[in-house]
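Here is a short briefing for a first look at this structure.

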Amino acid sequence: MDVIKTQGVTKVYNPDKIPVYALNGVDINIEQGEFTAIVGPSGSGKTTLLNIIGGLDRPSDGEVFVGGQDISQLSDNQLIDFRKEYIGFVFQAYNLIPVLTAKENVEFVMLLQKRSKEERDQRVKELMDSVGLSDKLDSRPAQLSGGQQQRVAVARALAPKPTFILADEPTANLDSKSTENLLDIMARLNKEENMTFVFSTHDQRVIDRARRVVTLVDGKISHDERRD
Amino acid sequence: MIPILAWRNLWRNPTRTLVLIGAIALGVWAGLFMTGFATGMIKSYISNAIDQIVSHIQVHHPNFSEDQDVKFRLDQPDQHAAKIAEKEEVKAVVVRTLATGMISSAKGARGIRVKGISPAEESKVTGLDQKIVEGEYLAGKRKNEILISRALAEKLKVKIRSKLVLNMQDLEGEITPAAFRVVGIFHTGNKPFDEGHVFVQRKDLNRLLTLTSEGRIDPTTLGHEIALLLHDTKNIPAIQSAMAQPDWKVENYKEISPDLELYESQMGFVSTIYLSIIMLALTFGIINTMLMAVLERIRELGMLMGIGMNKLKVFLMIMLEAIFLGAVAAPIGLALGSLTIYFLGQSGLDLSMYSDSLEMYGMSPVVYFDVPSKVYWQIPVFVACTAILAALYPAYKAIKLKPVEAIRKI
Ligand SMILES: Nc1ncnc2c1ncn2[C@@H]1O[C@H](COP(=O)(O)OP(=O)(O)OP(=O)(O)O)[C@@H](O)[C@H]1O
Ligand SMILES: [Mg+2]
């Protein structure tokens, strides 16, 4: 089944003055377990598309179905709850809450979901092991490197077992070694947990690791390549 | 989780937080200090007025207070006074003869109220004997001794043993002159009172006033005022009604001196006024700081809402940050403030530098700080309300953020 499905998604900024078509009729279906990169030149609409799929933003036109549900019907507050339950986010930067430790950051969404302490502890341990940071549980974000912070962000996104994970240029601020490391982790989690990843990137090394590459140009899909 | 987050957020910028905590604590301290000072002043004014002048209860002829004419005398005041004095609630009783007249020396003359007193009883009711600063209290060694205040002595340029002439209306309305000799000079600390009153022996005054064309009225029965001091003010209403008589006007100190009642009622809300002003000023400080704290966290707040923290929780978090701020600051201010009040309540704040102007208003030069106990719950309530009020706008700002825009912001 399609985890994500968009139909004719259009996003217009400044509709009254000089309209900017950030997205212009995007149809995309993403299935469970995909490892998909959204690529394209700067300004092509990658961030806009991810935000709309993730329910952070609303399309000007078109429909977005996540797990079969039309999310354009949801109110702002319902959208927040929806994101909490179904979507894991990894942003380019400022992912973590600076006053919380790595462990507390990872369990934060689970706390919002009122999961039990045993469940949280177990999941945090499992994920921090998995991203190779089991010795950094009590470190604050400022005490971690950029790559380590992004790994914690991936663990945080995965913790509540979302339907899929959206990552907007997750490696943009990382050196090549950290980038490799993060991709290894994401690819492994994709395999082991069959977690769906959708990420945008400019980085050729990241594009090389993707199993599907969707290219956006001027708000439209120009290529859609599957490499299975 | 939200409280932990709020608490840690509070300490992200420790200097800023400490400055604000200091400001709130200082505000609380100042509120206590000013309340303590004002309450101490008012209490001292009231107790001075009661102790030195009005006592707790006074009895007059119903017409006396309007006219002050000697003919509005009480009927058998001494018999009644003796009976009241037997009550255990009553601490002391004095019967006075009052007259209005003119006092003159070689250097000047002034209108004056003459109080004819029984020295022993008077000292129990008003402690007049303690107020003698020169010479001695009325001893009755000779006839026509008079006590005048230092202020009046200076005005009339007289000293101990100087002779003064009193011109008063007697019971028939005739002016009776009489010579008196100054035996003592008093100083109560209440300038208007001091300048307007002199004390003589009641028996001397009665002898002068009771001489009529048809012969002398029994001088021992003339009296215009009974003044009572009780052990406890809560018995005032009971004693007041026990003393009710036809043709007697029995008044308590609030009825005699309505300003005392006004001051007493003011004591209840000085703290409210001071705290309102201080907290209003603090509100702007808190709004400013909380707004700064929200604006510099826009991206983070966007991220929090992005990953699923709902608006209610974000709102609550910002409110809690302000409430914690108050919760830390208020106890500090309260502790420092109550220590200050305690010390200045014991030792008093000496304002003798300004004692001249204080005496104008009948206050003592040393103010013993005191705060009504309700202030100790009023302050936490005020601080909490201030914090909540001041955080409303910043918290509203925070939840109005759109996650996409907030995250995009660099
Ligand atoms: N808030 C906004 N108001 C107006 N125009 C906007 C806004 N946000 C984005 N745009 C425009 O929409 C278009 C798509 O932007 P978007 O950020 O999605 O591009 P992108 O592919 O993510 O670019 P990059 O690779 O640089 O991150 C751009 O032309 C951008 O200028
Ligand atoms: Mg982008």
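A:Arg188 has a relative accessibility of 30%, so it counts as partly exposed (buried is under 20% relative accessible area, exposed is over 50%, and partly exposed is in between, with a 1.4 Å probe and protein chains only). A:Arg188 forms a salt bridge with A:Glu192, and their closest N and O atoms are 3.8 Å apart. A salt bridge here is a side-chain nitrogen of Lys or Arg within 4 Å of a carboxyl oxygen of Asp or Glu.

This is a predicted model, in which local features need pLDDT of at least 70 and side-chain atom pairs count only at pLDDT 80 or more, while totals for chains, interfaces and linings use all residues; side-chain values use heavy atoms, without hydrogens and water. Residues are numbered from 1 along each chain as its sequence is written, with chains lettered from A and ligands numbered from 1 in the order in which they are written.

**Salt bridges**

- Side chains of opposite charge can pair when their charged atoms come close.
- The count over all chains is 33 salt bridges.
- A:Glu192 is exposed, because its relative accessibility is 56%.
- A:Glu192 and A:Arg188 are 4 residues apart in helix α6 (residues 176-192) of chain A, so about one helical turn separates them. Helices (H or I, at least four residues) and strands (E, at least two) are DSSP runs, numbered from the N terminus.
- A:Lys84 and A:Asp81 also pair through their side chains, at 3.4 Å from N to O.
- These two, A:Lys84 and A:Asp81, sit 3 residues apart in helix α2 (residues 76-86) of chain A, so they too are separated by about one helical turn.
- A:Lys84 is buried at 10% relative accessibility, whereas A:Asp81 is partly exposed at 31%.
- In chain B, B:Asp232 and B:Lys234 form a salt bridge of 3.3 Å, N to O.
- B:Asp232 is partly exposed at 29% relative accessibility, and B:Lys234 is exposed at 64%.
- Elsewhere, salt bridges with shared partners join A:Lys103, A:Glu107, A:Lys117, A:Arg120 and A:Asp121 into one network.

**Ligand 1**

- Ligand 1 lies between chains A and B.
- There are 14 residues around ligand 1, and A:Ser42, A:Lys46, A:Thr47, A:Thr48 and A:His202 come nearest. A residue is near a molecule or strand if one of its heavy atoms lies within 4 Å of it.
- The shell has 4 nonpolar, 7 polar and 3 charged residues. Ala, Val, Leu, Ile, Met, Phe, Trp, Tyr, Cys and Pro count as nonpolar, Asp, Glu, Lys and Arg as charged, and the others, Gly among them, as polar.
- β2 (20-31) and α1 (46-53) of chain A each supply at least two shell residues.
- The largest share, 3 residues, comes from α1(A).
- An oxygen atom of ligand 1 is 2.5 Å from an N or O atom in the side chain of A:Thr48.
- For the side chain of A:Glu169, the distance from a ligand 1 oxygen to an N or O atom is 3.3 Å.
- Taken alone, ligand 1 exposes 630 Å², and the protein buries 67% of that. These areas come from the Shrake-Rupley method with a 1.4 Å probe; for residues, only the protein chains shown count as cover.

**Nonpolar patch**

- B:Ile323, B:Ile388, B:Leu389 and B:Leu392 make a nonpolar surface patch of about 320 Å². Patch residues have over 30% relative accessible area and no salt bridge; nonpolar side chains (Val, Leu, Ile, Met, Phe, Trp, Tyr) are joined within 5 Å, like charges within 9 Å.
- Helix α15 (residues 375-400) of chain B gives the most, with 3 residues.
- B:Ile323 lies in helix α13 (residues 311-346) of chain B.
- B:Ile323 is partly exposed, at 32% relative accessibility.

How values were computed
A polar contact is a pair of N or O atoms within 3.5 Å; within protein, one must be able to donate a hydrogen and the other to accept it, and residues adjacent in sequence count only if both atoms are side-chain atoms.
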